[in-house]
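Please read this report with the sequence and the structure side by side. It goes from the single chain to the pair of chains and then to the DNA.

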Number of protein chains: 2
Amino acid sequence: MAVTDAAILQIKQMILDGELVPGDRLPPEKELSDRLGLSRSSLREAVKALEMIRVLDVRRGDGTYVTSLEPRLLLEALSFVIDLHDNRAVLEIFAVRRILEPAAAAQAATHATAEQLAHLHELLDAVTAEGTADVAQLVENDLRFHQSIAEASGNEYLSRLVESMSSETVRARIWRGITQRGATDSTIEEHRGILEAIELGDTELARARTLTHIAAIETWLQAASN
Amino acid sequence: MAVTDAAILQIKQMILDGELVPGDRLPPEKELSDRLGLSRSSLREAVKALEMIRVLDVRRGDGTYVTSLEPRLLLEALSFVIDLHDNRAVLEIFAVRRILEPAAAAQAATHATAEQLAHLHELLDAVTAEGTADVAQLVENDLRFHQSIAEASGNEYLSRLVESMSSETVRARIWRGITQRGATDSTIEEHRGILEAIELGDTELARARTLTHIAAIETWLQAASN
DNA sequence: CCGCGTGAGACATCGGACGTCTCCCCCGAA
DNA sequence: TTCGGGGGAGACGTCCGATGTCTCACGCGG
């Protein structure tokens, strides 16, 4: 095995063994490279790889630290990856969202805090108040609404998976099509219905309305890709 | 922004723009580093980061290639990351599996091919035939069974998410506990029930039995973590 | 026509040098 | 005594050039 890949595994093992815990600073590159028996150049490649998946956090002039290892950070890299997928994959990704998001909404119906509900209302009002036709803003708002519901489920992993599956470029591509057909109003109405069900604590209604919402976009997509 | 991070984004953009498509070979490190305006060392760090998330495939003595960018590859890195999580996180991960796997089983009930069903039978027979108490083998078999069902759903993303959420070390930790309590027999019986439902094409039964199966382990875990 | 050797080219790894940034100690002023 | 700024030590950022090793393909010879 290449020395760089070996170093990646060794650092991972140091974390698994508890030798390094979240927040710890790694030894300086020179010292660690000596210890692991490779050059500083090669070690830096290993560190960069672990930084990419948010396991390490490199601070220039200071040192390299183990991140909190929270799901939020660790699943973040997934978005980067989803960005690279083509249109064919979008349908499969939507099928996964169709599974995850209704479940998240159902859990939100019983777990959402008052603050989270207030935040959802804010998001909804933001797009209803003004007749802004700015696609970028609509996409941003839609993204946050779905993401906020997932967060209200109380499950960090679930929330981050939903986020990853809804990455920016994929959504932008879709919304461009939807807004062209003037479907924004119905989308907002569906959002309102979902929030209402969550506030009522009606898990099954929240689940159903979310599924309906996702399926509507999904159906449109299937038609559009023909 | 650091030159290395800039290079990561530039290479990503080259893929998004279609300048690089899956299977393409990148220019040699020297040439690409000149073109992107950074040193070969720094470029290598960028390449290593992209290799970590399976976007690039570096072949020594040959060249660096863009991978197929299939979900299988791109979500693979997720397993590496899940490995690093502590016991507290296992409960949240299980809550996600509880959402994903029943849905996957339901889809498998209508999508599974004859080959996939045969493979599932093989896996089941492998642990029933011999009274092997080897924990490592049981874990391996259980892993494959769950994974094979997810694959039978026909959705690559769903399948890989299930795989990522069931990473090796997490499972080993759990199974160590379960086998100690002699619960392997009931687990095998539950697997048999799930497969039966899938073969019958009974989506709802497949969904319910899978949920029951996952929830059983989940319940045990909750009790064990007190 | 088939192999096998060999050379060109690509990645792997190393060592060192220099730049820049961050943190923190220490000293002087209020 | 306390506050604040200067400066040095140390850490990461970047680059360069040399050498090792592996892969692939070309071309020679059987």
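The sections below describe a predicted model.

## The fold of chain A

Chain A contains 12 helices and 2 strands. Read from the N terminus, its elements follow the order α-α-α-β-β-α-α-α-α-α-α-α-α-α.

The chain has 226 residues, and 38% of them are buried. Consider the contacts in chain A between residues at least 6 apart in sequence: 70% of these join residues at least 24 apart.

## One helix in detail

Helix α11 of chain A covers residues 184–200, 17 residues in total. From its first C-alpha to its last it reaches 25 Å, close to the 24 Å expected at 1.5 Å a residue.

Which residues of α11(A) are buried? They are A:His191, A:Ile194, A:Leu195, A:Ala197 and A:Ile198. Seen down the axis of α11(A), the buried residues fall within an arc of 160°, so they line one face of the helix. An α-helix has 3.6 residues a turn, so residues three or four places apart point the same way. The other side of α11(A) has exposed residues: A:Asp185, A:Ser186, A:Glu189 and A:Leu200. Just after α11(A) comes A:Gly201, which takes a positive phi of about 75°.

## How the two chains are related

Two copies of a chain are related by a rotation about an axis and a shift along it. Here, chain B is superposed on chain A by a rotation of 180° with 0.1 Å of shift along the axis, and the RMSD is 0.1 Å. This is the relation of a two-fold axis.

## Where the chains meet

In chain B, 33 residues are in contact with 34 residues of chain A. On the side of chain B that touches chain A, at least two residues each come from α1, α3, α4 (71–74), α5 (77–82), α6 (87–111) and α9 (156–165) of chain B. The element that gives the most is α6(B), with 8 residues. By class, this side of chain B has 24 nonpolar, 4 polar and 5 charged residues.

Of the interface residues of chain B, 100% are also interface residues in chain A, so the copies meet through the same surface.

## The surface near DNA strand D

There are 19 residues around DNA strand D, and those that come nearest are B:Ala2, B:Leu38, B:Ser39, B:Ser42 and B:Gly61. Both chains supply elements with two or more residues on this surface: α3 (40–52) and β2 (63–66) from chain A, and α1 (3–16) and α3 (40–52) from chain B.

What classes of residue does the surface near DNA strand D have? It has 5 nonpolar, 9 polar and 5 charged residues.

How values were computed
Residues numbered from 1 in each chain as written. Chains lettered and ligands numbered in written order. Predicted model: local features only at pLDDT ≥ 70, side-chain atom pairs only at ≥ 80, totals over all residues. Near = placed C-beta within 6 Å. Helix = DSSP H or I, 4+ residues; strand = E, 2+ residues; numbered from the N terminus. Nonpolar A, V, L, I, M, F, W, Y, C, P; charged D, E, K, R; others polar. Contact = placed C-beta atoms within 7 Å. Buried ≥ 20, exposed ≤ 12 C-beta atoms within 10 Å, placed from the backbone. Least-squares fit on C-alpha atoms with pLDDT ≥ 70 in both. Expected span 1.5 Å × (residues − 1). Arc of directions from axis to C-beta.
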